[in-house]
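Hello,

Here is the structure we talked about. My notes on its salt bridges follow below.

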Amino acid sequence: MSITVRTFDAVIVGAGGAGLRAAIQLSESGFKTAVLTKVFPTRSHTVAAQGGVAASLGNSEEDHWHWHMYDTVKGSDWLGDQDAIEFMCRKANECVIELEHYGMPFDRTDQGKIYQRPFGGHMSNFGEKPVRRSCAAADRTGHAMLHAMYQRNVKANTQFFVEWMALDLMRDADGEVLGVTAMDMETGEIAVFHAKATIFATGGAGRIFHSSTNAFINTGDGLGMAARAGIPLEDMEFWQFHPTGVAGAGVLITEGVRGEGGILRNAQGEPFMARYAPVAKDLASRDVVSRAMVTEINEGRGCGPHKDFVLLDITHLEPAIIMKRLPGIREIAIQFAGVDPIKEQIPVVPTCHYQMGGIPTNYHGQVVVPQGDIKAVVVPGFYAAGECACASVHGANRLGTNSLLDLLVFGKSAGETAVEELKKSSRAHKPLPQSEIDRSLARVDRLNTQKDGANVHATRLAMQRTMQNHCGVFRFADKLKDGVQKILEVEKDVCRVEIADKSKVFNTARVEALELENLIEVAVATMTSAEARKESRGAHVRDDAPDTEQHPNGRDDGNWLRHTLWYKDGNRLDYKAVKLTPLTVDTIALKKRAY
């Protein structure tokens with residue numbers, strides 16, 4: 001089978017915030033850059049980000065990047081690498097102002113400065129009180145961000161390949177990454193994108209869970225490709241459940257609603273968050289709020305006929321404020337919950353939202369893996385940024401609005417590093433190993449020839465229900481152990497799925513089957529890593545690791561202050577140390593996490 005080879009200086013997989021920001025850096029530096037994307041760039045999942053992007057601009061009140069860094073380390077439950085966290089928080093203002101210069105239509109204060117709202121876990125003066133740090137464009141911040149950066153890329157002549165799905169990473173015998181194989185989703189054509197620099201910005205994999213705020217395109221493609229190429233996945237046990245998904249629908253209700261004054265209430269109408277976070281209350285960190293909500297429901301104070309959700313109340317806000325600051329949220333509440341939040345409270349429940357783990361990188365955006373006694377070895381030619389990457393700035397729990405910041409800072413950083421490496425290299429593209437191309441073709445060929453196999457939809461549903469039931473907001477030792485066995489059984493079915501109509505060229509079942517192969521890598525990594533971590537930390541809370549004086553919040557720093565690394569080969573785990581030393585300031589010392 002003849003394969004088309006397309007040659008570029010750089011190929012970026014994914015056209016969300018991180019991919020577009022990296023592409024700007026490369027294209028404006030004069031490098032021939034291709035961006036592969038399953039959907040039109042402005043439909044990437046970054047478009048769903050509502051509440052804002054964090055930066056200590058101090059436009060409404062005093063703020064400082066060091067306070068932002070403290071909040072991020074604390075939010076991560078000390079599993080975040082403090083060098084990367086300092087890098088991100090110090091770069092925040094620069095990246096936001098840069099985005100403003102691209103034409104991003106931020107909301108404004110009366111003085112004409114960028115408007116900022118409070119957000120969960122963001123505090124002033126090292127945890128003293130909530131601070132206004134989130135830079136917002138109403139409740140459509142991600143939408144505005146994508147349009148601003150896409151237009152900048154059009155100006156810079158970035159070449160987009162829309163409705164192309166990357167299949168596999170190509171590495172040579174030295175381990176260098178040489179690009180990807182990819183499929184045109186319309187025609188079924190398979191091509192090689194040969195590049196000196198390959199950047200993954202493929203987003204998260206929230207569709208491994210049955211209830212998720214994630215779009216259907218969030219299938220962990222970058223993680224699956226990396227795992228099959230021998231790259232470990234880091235900290236995959238840590239998944240954030242957003243406190244406020246619309247009950248029964250999973251559609252996200254931004255934390256910005258609580259930033260504007262929204263209050264969570266139980267069936268008795270009680271604003272219950274003061275019981276769990278006396279200072280921050282409704283603006284505590286997301287994992288804290290999610291567990292508080294589940295506790296209220298489990299103890300019989302939930303709302304509705306089945307007592308399975310709580311209510312988010314903004315009826316006390318002026319209608320003009322809701323229409324100005326939260327217009328999209330009002331539309332979502334009307335369409336998906338059947339309530340007008342100006343007059344009624346919104347039914348909400350915690351829903352899978354964000355993966356804290358991913359492809360291991362440093363703060364330069366380079367993919368790094370352990371090798372022998374050496375702490376980290378850079379994988380030549382390979383970079384990652386955004387939700388598919390693990391820098392690690394989010395650790396065991398991400399603070400709201402740090403995700404859009406992550407996209408900007410590390411998308412730019414990966415692009416800058418790639419530019420530097422490309423300028424150093426004057427050599428031609430290295431030869432493509434035929435074995436890597438054949439490996440990718442074999443995956444597609446198996447789908448085209450498989451008979452009497454498993455059904456794609458049924459297998460995906462089995463995976464999602466297994467993850468939801470065994471690896472949710474609260475985790476139990478016996479359910480995790482059972483979950484490992486069940487997810488490995490599902491994996492066997494994934495290996496023999498067949499597509500419904502092999503005669504069709506544009507066959508969504510073929511794409512879904514390929515996506516499922518990526519999802520199952522993430523699901524196995526998540527369940528295996530979660531079962532092995534015998535402590536509670538951030539979003540990972542086990543019933544057999546309770547809050548004690550010796551182990552605050554259930555955390556066991558003596559044994560588990562370390563990153564998990566999952567390898568596909570043998571479904572094995574390894575660990576590496578957390579970087580507790582920042583770049584220029586003192587280490588933020590371990591202590592009990594409370595809001």
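Asp221 is buried, at 8% relative accessible area (buried is under 20%, exposed over 50%, partly exposed in between; 1.4 Å probe, protein chains only). Its partner in a salt bridge is Lys38, with the closest N and O atoms 2.8 Å apart. A salt bridge here is a side-chain nitrogen of Lys or Arg within 4 Å of a carboxyl oxygen of Asp or Glu. Asp221 sits in helix H5 (residues 221–228) and Lys38 in the loop between strands S2 (33–37) and S3 (53–54), 183 residues apart. Helices (H or I, at least four residues) and strands (E, at least two) are DSSP runs, numbered from the N terminus. Lys38 is buried too, at 14%.

On provenance: this is a predicted model, where local features need pLDDT of at least 70, side-chain atom pairs count only at pLDDT 80 or more, and totals for chains, interfaces and linings use all residues. Residues are numbered from 1 along each chain as its sequence is written, and side-chain values use heavy atoms, leaving out hydrogens and water.

Next pair: Asp287 and Arg593 form a salt bridge at 2.7 Å, N to O. Asp287 is in helix H7 (residues 286–298), Arg593 in the segment after strand S22 (572–577), 306 residues apart. Both are buried. Both also belong to a salt-bridge network, whose members include Glu237, Arg291 and Asp557.

Asp547 and Lys592 pair at 3.0 Å, N to O, in another salt bridge. Asp547 is partly exposed, at 43%. Lys592 is partly exposed, also at 43%.

The whole structure holds 52 salt bridges.

Best wishes
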